[in-house]
Amino acid sequence: MGSVRGGGDHATDIGLQLASTAELGASDPKRVSPRLARALGRVLDGVTAVEGLRRLSAGATLETWAFDAIAPSQRWPLILRRAPGGVSAARTLSLADEASVVRALHESGAMVPEVVWTLQPEDDLGDGFVMIRIEGETIPRKILRDAAFETIRPRLVSQFAEVAWSLHRIDTSLLPPALPSAGVRETLAVMTERTRALPTPRPVFELAIRWLEEHAPAEPGRPCLVHGDYRHGNVIIDANGLRAVLDWEIAHLGDPIEDLAWLCAPPWRFGVLDKPAGGLGRREDLLAAYERASGAPVDPARFRYWEMMASLRWGVGCASMLEWFRSGRNRTVERAMIVRRASENEMDLMRLLAGRV
Amino acid sequence: MLDAPTPAEILDVVAAMIRDDFIPKLPPDAVFHARVAANAIDLVRRQLEQGAALEAQSLERLQHLLGHSGPAKDLERELCDRIRSGSLGINTPGLIDHLMADTLAKMSIDQPSYASYRAEIASARN
């Protein structure tokens, strides 16, 4: 099966407001390799070199690299996730905090990769961390269409539900204090503020905000670990099903139903609109599997609320990237086209508001 | 005064050249970006062809909804303010229709292959 991270998947860093001083010149493999070997030599026995270093994703601020660390009698397949010049993040986790969250999750038995090293200033590699590479596929269209996944596909809806519950049930007192809290009201407040900071008026977003104000459910009884970007592209899947959940940078404590609704947002169905649960199956089956795993009913109104929020959040995320593009921070064709994807969320919000779906 | 081919006709062949001639010869890591570039050219072509007419129709609807005229950006801001204050809402006659029409118009330029858009225009036809 293919690479661990899909090169064409550009949504990884979306929904965040990252401010970076990235120096892309430092991304040359010839400069990264020896620094990595030196850093890893301290934690992995006998490592003197790295091989096969290659960039998997070309994000503006976050880079993902695959490579092997080589010792005389062993080799480790690894992933480096880093920001070359450091990332300062608004309302999200720094890479070091993300690493500490993933470490804590791994220790509690969650389905996440093992972090082997958090980059230190003396490594001269920017901010980031190194983790064990898990083989499998993340590219949505392959998972949804390739023959290699035909056998497992009917099982994936319930696996997405079961894995979500395995994360939501984690004792949050074991997790690092860096995890921010964002429940129902806090998330709406942030989205409202970000909508009103956009350079163009967006009446569809305003109408969605009104709806969300009027339909806000109670805060969850127990704030849970919420992944925040739980969807294809951020999970590794192989012929046997889900293998790992990646990309914890917007993890927070909040309402677990947010993760289930996010998985069902139309952009994450990757063209298979009539299968709301990640392009794989029915909402009802996702929620029923989650109820079986958790032993508690899911309130459909709460799910609906987070569906509306999902389209607003992704819409605001796209629209706010106009500033990235215009300021020159990421003046690329790809970024320009992501900004023009704000309207797909207006489409989805209008269909929800007009009672079409 | 300016000659043909039109900008839209020229962009059409540029996008076709990227897809048909360049992409088969590109290394894998460049293919994705070349596809995005061809899609961007298509977007610009659609906006050149239809953008002005769609904006004029939107402005006309918006003036009707708000009951007065003005520059589009000002009226859109006013619409936002009135939704925010609650003086216009989901039950206001014409509001959902206007916003749906605007959204469909945007999608016809931005991303006419988007599945939700296809589903919405298919259901409108039935």
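Is A:Thr151 buried or exposed? The points below take up that residue and then the rest of the structure.

1. **A:Thr151.** This is a predicted model. A:Thr151 is exposed, because its relative accessibility is 72%, and the cut-off for that class is over 50%. The residue sits in the loop of chain A that runs between α3 (140–145) and α4 (153–168).

2. **Confidence.** The model has an ipTM of 0.97 and a pTM of 0.91. For chain B, the mean pLDDT is 96, with 100% of residues at 70 or more. For chain A, the mean is 89, and 89% of residues reach 70 or more. In residues 1–25 of chain A the pLDDT is below 50, yet the stretch has 91 contacts in the model beyond near neighbours in sequence. Residues 86–91 of chain A are also below 50, with 18 such contacts. Where pLDDT is low, predicted coordinates should not be read in detail.

3. **Chain A overall.** Chain A holds 11 helices and 11 strands. Of its 357 residues, 62% are buried. Among contacts with a separation of 6 or more, 70% join residues 24 or more positions apart.

4. **A helix pair across the chains.** Two packed helices are described by the angle and the distance between their axes. Helix α6 (residues 203–214) of chain A packs on helix α3 (residues 72–85) of chain B at about 0°, and the axes are 9 Å apart. The pair is therefore roughly parallel. From α6(A), the contact uses A:Pro203, A:Glu206, A:Leu207 and A:Arg210; from α3(B), it uses B:Leu79, B:Cys80, B:Ile83, B:Arg84 and B:Ser85. By class, that gives 5 nonpolar, 1 polar and 3 charged residues.

5. **Helix α5 of chain B.** Which residues of α5 (residues 115–125) of chain B are buried? They are B:Ala115, B:Ser116, B:Tyr117, B:Glu120 and B:Ile121. Their cover includes α11 (342–353) of chain A and α4 (95–110) of chain B. In general, an α-helix has 3.6 residues a turn, so residues three or four places apart point the same way.

6. **A:Val116.** This residue belongs to strand β6 (residues 115–118) of chain A. A:Val116 counts as buried because its relative accessibility is 12%, and the class requires under 20%. Beyond neighbours within four places in sequence, A:Val116 contacts A:Leu40, A:Val43, A:Leu78, A:Arg103, A:Val130, A:Met131 and A:Ile132. One of these, A:Val130, is 14 residues away in sequence and 5.7 Å away, C-alpha to C-alpha.

7. **Backbone points to check.** Most residues other than glycine have a negative phi, and most peptide bonds are trans. Some places here depart from that. A:Asp247, not a glycine, has a positive phi of about 60°. A:Asp247 is in the loop between β10 (241–245) and β11 (252–254) of chain A, and is buried at 6% relative accessibility. A:Phe270 has a positive phi near 50°. A:Phe270 lies in the loop between α7 (257–264) and α8 (283–294) of chain A, and is buried at 11%. In chain B, the peptide bond joining B:Ala4 and B:Pro5 is cis, with omega about 0°. B:Pro5 falls in the segment before α1 (7–22) of chain B.

Conventions. Residues numbered from 1 in each chain as written. Chains lettered and ligands numbered in written order. Predicted model: local features only at pLDDT ≥ 70, side-chain atom pairs only at ≥ 80, totals over all residues. Heavy atoms only, no water. Helix = DSSP H or I, 4+ residues; strand = E, 2+ residues; numbered from the N terminus. Buried < 20%, exposed > 50% of the residue type's maximum accessible area, 1.4 Å probe, protein only. Contact = heavy atoms within 4.5 Å. Axes fitted to C-alpha atoms, helices over the stretch in contact; angles between N-to-C directions. Parallel < 35°, antiparallel > 145°, perpendicular 65-115°, else oblique. Nonpolar A, V, L, I, M, F, W, Y, C, P; charged D, E, K, R; others polar. pLDDT = per-residue confidence, 0-100.
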